[in-house]
Amino acid sequence: MLASPLQESILGKAVERGLIEIRLVNIREFASDRHQTTDDRPYGGGSGMVMKAEPLAGAIARARAADPPTRVILLSPQGRPFSQRLAWELSRERHLTLVCGRYEGVDERVRCHCVDDEISIGDYVLTGGEIPALVVVDAVARLVPGVLGCSESPAEESFANALLEYPHYTRPEVFEGHPVPEILLSGNHAAVRRWRRQQSLWRTWQRRPDLLKEADLSDEDRELLAEVVGGDAGSGS
Ligand code: 4GX
């Protein structure tokens, strides 16, 4: 579930080039019984299984010893919402340890005493923490210097000014009867910049007014938005 996606594409290349290092730990190695049991029935009864404390704690202790200092993060729907801001924060850590739970969750004592942080990738329920961990690895790795080419640098997308992207087009000029906006063919770079900014503002206003409230818009931004939405530009409603 983890090894194969981590070998692909930009992430795989970053690993090959030694820009990031990713190690997988199988918690079964830290189980003490013959069947390598990592889950058990919940105290107090009820359905579902709970991940046992000892194997998880053992695996986390190994990670802390191998890579000091490391920030140990549990992926779970109860965690802090993951965001670009948090991705930037994590990209500045020397080491991260991402703990993937299954079943109904992990023994509460692991959460309280072995983990530094708890992160959720969104308000939906998955079958395990592996895909959330991949999401975090992907979002953080692309912020590590050198992982992206310099032409696709993440520097501008910091978050203070987080608007949605403007629409992108490439050849052909007409696709199934739909032409590319004329302004993009005009060669007028100032006008293209203005149009793109306006599209970003408009899209964000239409689709994510919550983001627009956080963005610090310039006077020119407000004018650009007012041109397409009328008088209430920047009100976020
Ligand atoms: N964003 N899941 C974790 C099991 C679990 C539950 C509680 C630890 C504590 C999820 C998400 C997510 C499903 C991963 C339940 N482990 N994780 N798993 N959304 O839905 O991060």
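How many nonpolar, polar and charged residues are in the shell around the ligand? The legends below begin with that shell.

**View 1. The shell around the ligand by class.** The shell has 10 nonpolar, 8 polar and 2 charged residues. Here Ala, Val, Leu, Ile, Met, Phe, Trp, Tyr, Cys and Pro count as nonpolar, Asp, Glu, Lys and Arg as charged, and the others, Gly among them, as polar. This is a predicted model: local features need pLDDT of at least 70, side-chain atom pairs count only at pLDDT 80 or more, and totals for chains, interfaces and linings use all residues. Residues are numbered from 1 along each chain as its sequence is written, and side-chain values use heavy atoms, without hydrogens and water.

**View 2. Residues and strands around the ligand.** Of the 20 residues around the ligand (a heavy atom within 4 Å), G105, I121, G122, Y124 and L126 come nearest. Strand 3 (71-81) and strand 5 (117-120) each supply at least two shell residues. The largest share, 4 residues, comes from strand 3. Strands (E, at least two residues) and helices (H or I, at least four) are DSSP runs, numbered from the N terminus.

View 3. A polar contact here is a pair of N or O atoms within 3.5 Å. A ligand nitrogen is 3.0 Å from a polar backbone atom of I121. A ligand nitrogen also lies 3.0 Å from a polar backbone atom of Y124. For L126, a polar backbone atom is 3.0 Å from a ligand oxygen. Taken alone, the ligand exposes 460 Å², and the protein buries 97% of that (Shrake-Rupley method, 1.4 Å probe).

**View 4. Q199 in helix 7.** Q199 sits in helix 7 (residues 189-207). Q199 counts as buried because its relative accessibility is 16%, and buried means under 20% (1.4 Å probe, protein chains only). Q199 touches Y166 and P167, not counting residues up to four places away in sequence; contact means heavy atoms within 4.5 Å.

Definitions and conventions:
Polar contact = N/O pair within 3.5 Å; in protein donor to acceptor, adjacent residues only side chain to side chain. Buried < 20%, exposed > 50% of the residue type's maximum accessible area, 1.4 Å probe, protein only.
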